[in-house]
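Welcome! Take a moment with the sequence and the 3D view below, and then read on for a short tour of a few residues.

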Amino acid sequence: MPFANFKVPAGSLDEKQKELIVTRTTELYTEIYGERARAATMVLVEEVADGGWGIGGGVLTLAMLQESSED
């Protein structure tokens, strides 16, 4: 069974964006494994609490992500 697990900062995606991740990921697995994979593909979008991320040894917050997307 194909499985994909996306961890995203809580509040960074709306429901439509999460649905898009699920749909596109399922389509990708179907392209790779064939139509038989569609019904068995599991996609999990997990929201991680703000401050629960780290990169380069520092804590990454939603405010920091939003700030960098405005640049």
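Thr26 sits in helix H1, which covers residues 15-33. This is a predicted model. With a relative accessibility of 12%, Thr26 counts as buried, because buried means under 20%. Leaving aside residues up to four places away in sequence, Thr26 touches Arg38, Thr41 and Val43.

Now for the charged side chains.

| Salt bridge | N to O distance |
|---|---|
| Glu15 and Lys18 | 3.4 Å |
| Glu47 and Lys18 | 2.3 Å |
| Glu35 and Arg38 | 2.5 Å |

Let's begin with Glu15 and Lys18. These two are three residues apart in helix H1, which means that about one helical turn separates them. Glu15 counts as exposed, at 61% relative accessibility, whereas Lys18 is buried, with a relative accessible area of 14%.

Lys18 also forms a salt bridge with Glu47. This pair links distant parts of the chain: Glu47 belongs to strand E2 (residues 42-48) and Lys18 to helix H1, 29 residues apart. Glu47 is partly exposed, its relative accessible area being 41%.

Glu35 pairs with Arg38 in a salt bridge, and Arg38 is also one of the residues that Thr26 touches. Glu35 counts as exposed at 51% relative accessibility, while Arg38 counts as partly exposed at 30%.

Methods: Residues are numbered from 1 along each chain as its sequence is written. This is a predicted model: local features need pLDDT of at least 70, side-chain atom pairs count only at pLDDT 80 or more; totals for chains, interfaces and linings use all residues. Side-chain values use heavy atoms; hydrogens and water are left out. Helices (H or I, at least four residues) and strands (E, at least two) are DSSP runs, numbered from the N terminus. Buried means under 20% relative accessible area, exposed over 50%, partly exposed in between (1.4 Å probe, protein chains only). Contact means heavy atoms within 4.5 Å. A salt bridge is a side-chain nitrogen of Lys or Arg within 4 Å of a carboxyl oxygen of Asp or Glu.
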